[in-house]
Amino acid sequence: MAYLHKTQDIADLCMHCGTCMDSCGFLQEYCDDPGILASSMLSGLYIVKPYIPFLCVKCGKCTESCPEKLDIMGMMEELRIFIRDEDIPLPEEQIFRMEG
């Protein structure tokens with residue numbers, strides 16, 4: 001498995017302050033905070049729910065608002081690339097593969 005540097009940084013360094021959550025509807029919908037999301041992804045959530053990073057619109061408001069300047073948007077991009085590189089199917093691809 002490729003090492004997910006940005007994801008690990010967020011898992012390790014997020015202060016769980018909620019500032020980014022206030023600026024991002026995606027984070028509010030899909031996690032308790034980015035530190036918990038990062039830890040979950042590193043623990044295998046990317047296999048169970050690989051679509052989560054693809055729901056982020058990458059507006060950057062989370063990263064801009066983070067008092068620690070953690071690259072939350074970069075984590076989403078890193079996870080997207082990792083999921084594609086590992087050829088982990090997204091739900092739509094699973095349906096297509098079953099029908100095809």
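This is a predicted model: local features need pLDDT of at least 70, side-chain atom pairs count only at pLDDT 80 or more; totals for chains, interfaces and linings use all residues.
1. Asp33 sits in the loop that joins helix H3 (25–30) to helix H4 (34–48). Asp33 is buried but forms no salt bridge. Its nearest side chain of opposite charge belongs to Lys49, 15 Å away; a salt bridge would require a side-chain nitrogen of Lys or Arg within 4 Å of a carboxyl oxygen.

2. The side chain of Asp33 does meet backbone nitrogens. That of Gly35 is reached at 2.8 Å, and that of Ile36 lies 2.9 Å from a polar atom of the Asp33 side chain. Setting aside residues up to four places away in sequence, Asp33 touches Cys14, His16 and Met21.

3. Helix H7 comprises 14 residues, 72–85. From first to last C-alpha H7 reaches 20 Å, close to the 20 Å expected at 1.5 Å a residue. After H7 comes Asp87, with a positive phi near 55°.

4. The buried residues of H7 include Glu78 and Arg80 as well as Ile72, Met75, Met76, Leu79, Phe82 and Ile83. The buried residues of this helix pack against helix H1 (5–13), helix H2 (19–22), H3, H4, helix H5 (52–55) and helix H6 (61–65).

5. The largest nonpolar core contains 27 residues, and those with the most contacts inside it are Ile10, Phe26, Leu27, Leu37, Ile72, Met75 and Met76. At least two core residues come from each of H1, H2, H3, H4 and H7; H7 gives the most, with six.

6. Ile10, one of those core residues with the most contacts, is in contact with Pro34, Gly35, Ala38, Leu70, Asp71, Ile72 and Met75, leaving aside neighbours within four places in sequence.

Technical notes: Residues are numbered from 1 along each chain as its sequence is written. Side-chain values use heavy atoms; hydrogens and water are left out. Helices (H or I, at least four residues) and strands (E, at least two) are DSSP runs, numbered from the N terminus. Buried means under 20% relative accessible area, exposed over 50%, partly exposed in between (1.4 Å probe, protein chains only). Lys and Arg count as positive and Asp and Glu as negative; His and the chain ends are not counted. A polar contact is a pair of N or O atoms within 3.5 Å; within protein, one must be able to donate a hydrogen and the other to accept it, and residues adjacent in sequence count only if both atoms are side-chain atoms. Contact means heavy atoms within 4.5 Å. The expected span of a helix is 1.5 Å times one less than its number of residues. A nonpolar core is a set of buried Ala, Val, Leu, Ile, Met, Phe, Trp, Tyr and Cys residues joined through side-chain atoms within 4.5 Å.
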